[in-house]
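Please have the sequence and the structure open while reading.

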Amino acid sequence: MDKSRKTMGPRTAGGVVFLSSGAVLMLEILSLRLVAPYLGLTLETSTAVIGFALAAISLGAWAGGRLADRVSPAAMIGPAVLIAGALVLFVGPVVTWTGQQVRGGGALAVLIMAAAAVFVPAALLSAVSPMVVKLRLSGLDETGTVVGRLSGIGTLGALMATFATGFLFVAQAPTSVILLTLGGFLVALGVGLTLALRGAKALGIPLLLALVGAGATWFARPPCDVETAYHCARVVTDPDRPSGRTLRLNTLFHSYVDLADPTYLRFSYVRAMASVIDAAQPDQPLSALHIGGGGLTIPRYLDATRPGTQSHVLEIDPGVVELDIEQLGLDLGDGLEVTVTDARVGLARESTDSRDLVVGDAFGGLSVPWHLTTRETVEDIQRVLRPGGIYTVNVIDYPPLEFARAEIATIAEVFDHLLLISAPDVLQGRDGHNLVIVGSDAALPVEAIQAELAERVPEFESLAGARLEQYYAGAQILTDDFAPVDQLLNPYPQNR
């Protein structure tokens, strides 16, 4: 029997496989959070990160097994874990630098970022399991037992790391701290394995690499004030308006709030929504449901202009709500309520005929989350609205505007009366950006809305009737069964 096989017992072997497999899945989840501030959290970014992680696992397992048949596994396991740990410590700064170069790019940028975040350390860690298997095998008679046992342990490690990272670690510490801890742990494990299986001479260069990576990770933190469960969040002071604050979530300037004057509305689409509300439902207090919170600009506006209004906000991210309270002066109570929940779940809990107004302004990156775009969602919104109530929703798209047209067509399947508000070039199909869609079972006061728009948002116009029907003719109807929102959406104006 090869003496190297006596240097790692079954428990140690199981522990190494458990930890290395778990580290791969931790790195995959953390990578999604690292790329979000630069590219957003979209289906494309998630797919790219997962795809590169799987490719790394596949290549690492193949290469690790092949090397284990040619070189003593005892000489490779420790250095592989040690170098992987050192590279994990470089993930943060590499992604930060890459993100600054490709921010706002297209599909190629997504692939570059995903590769930078995941591939090499995940491949090295994935090479460990076949090396440990080879080290533990003493004969063909026990191949099935050894391979099956270690494979099961590796899967269990990946499973436990996934749940622990998603439900515990991310909620308790910044991504940079988690990466430092993970990389440091892998370095320590690699040092121990190298000393036990190979000797101290193999430690020099990998340890130096780890020290440099740890320092780079500490100083190259994401551009966040707060890392929430879903976003890299930052509040930016308006240099031209001392009381103005912009809430940035990942790549987007999501909301603008004037701490001294909640009636001041900076963004054009918000002024367009306010114009619709004020023209269609003037003066009276409202019962309003808001899908998506952000900085709660419209709820604050309604509270200031219509005393007695009851606004219920559905916001999925508790960290955003905390940021609203701590840095954006949000005062809950007296007609303003926030429920931390997925908007689709919160919508289902709303009573029938209970709201005068539903405002949709929820985004994951540049895309409205797909499950909030479907006919079934719009039907639930119609159920919640009182007769004559209004649904107004903000979407973003660029030519060929396939997603925007699909969402308009979907809302038209449910509501009898529609209005589309945006810049003239968007309405004529030459440009894109924010589009405000309005739906109601009652006839909309189009002329009054147009008058409000002319006064408050002169850069926007409206489209209704036959012209609007022609605008979305032939568009895809989005349903819970089929809503390819991320594929329909064109978030990159430079690609048109």
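## Basis

The model is predicted; local features need pLDDT of at least 70, side-chain atom pairs count only at pLDDT 80 or more, and totals for chains, interfaces and linings use all residues. Residues are numbered from 1 along each chain as its sequence is written, and side-chain values use heavy atoms, without hydrogens and water.

## Sheet

Eight strands form an open sheet with mixed pairing, in the order β7-β6-β5-β8-β9-β11-β10-β12. Strands (E, at least two residues) and helices (H or I, at least four) are DSSP runs numbered from the N terminus, and two strands pair if DSSP finds at least two bridges between them. β7 (336-340) and β12 (461-464) are at the edges with a single partner strand each, so one side of each has no neighbour in the sheet. β8 and β9 (residues 385-397) run parallel, joined by five bridges.

## Helices on the sheet

Helix α14 (residues 402-414) packs on the sheet and touches β9, β10 (417-422) and β11 (433-440), contact meaning heavy atoms within 4.5 Å. The direction of α14 makes about 170° with that of β9. Axes are lines fitted to C-alpha atoms, for helices over the stretch in contact, and angles run from 0 to 180 degrees between N-to-C directions. Helix α17 (residues 465-472) lies across β10, β11 and β12, at about 85° to β12.
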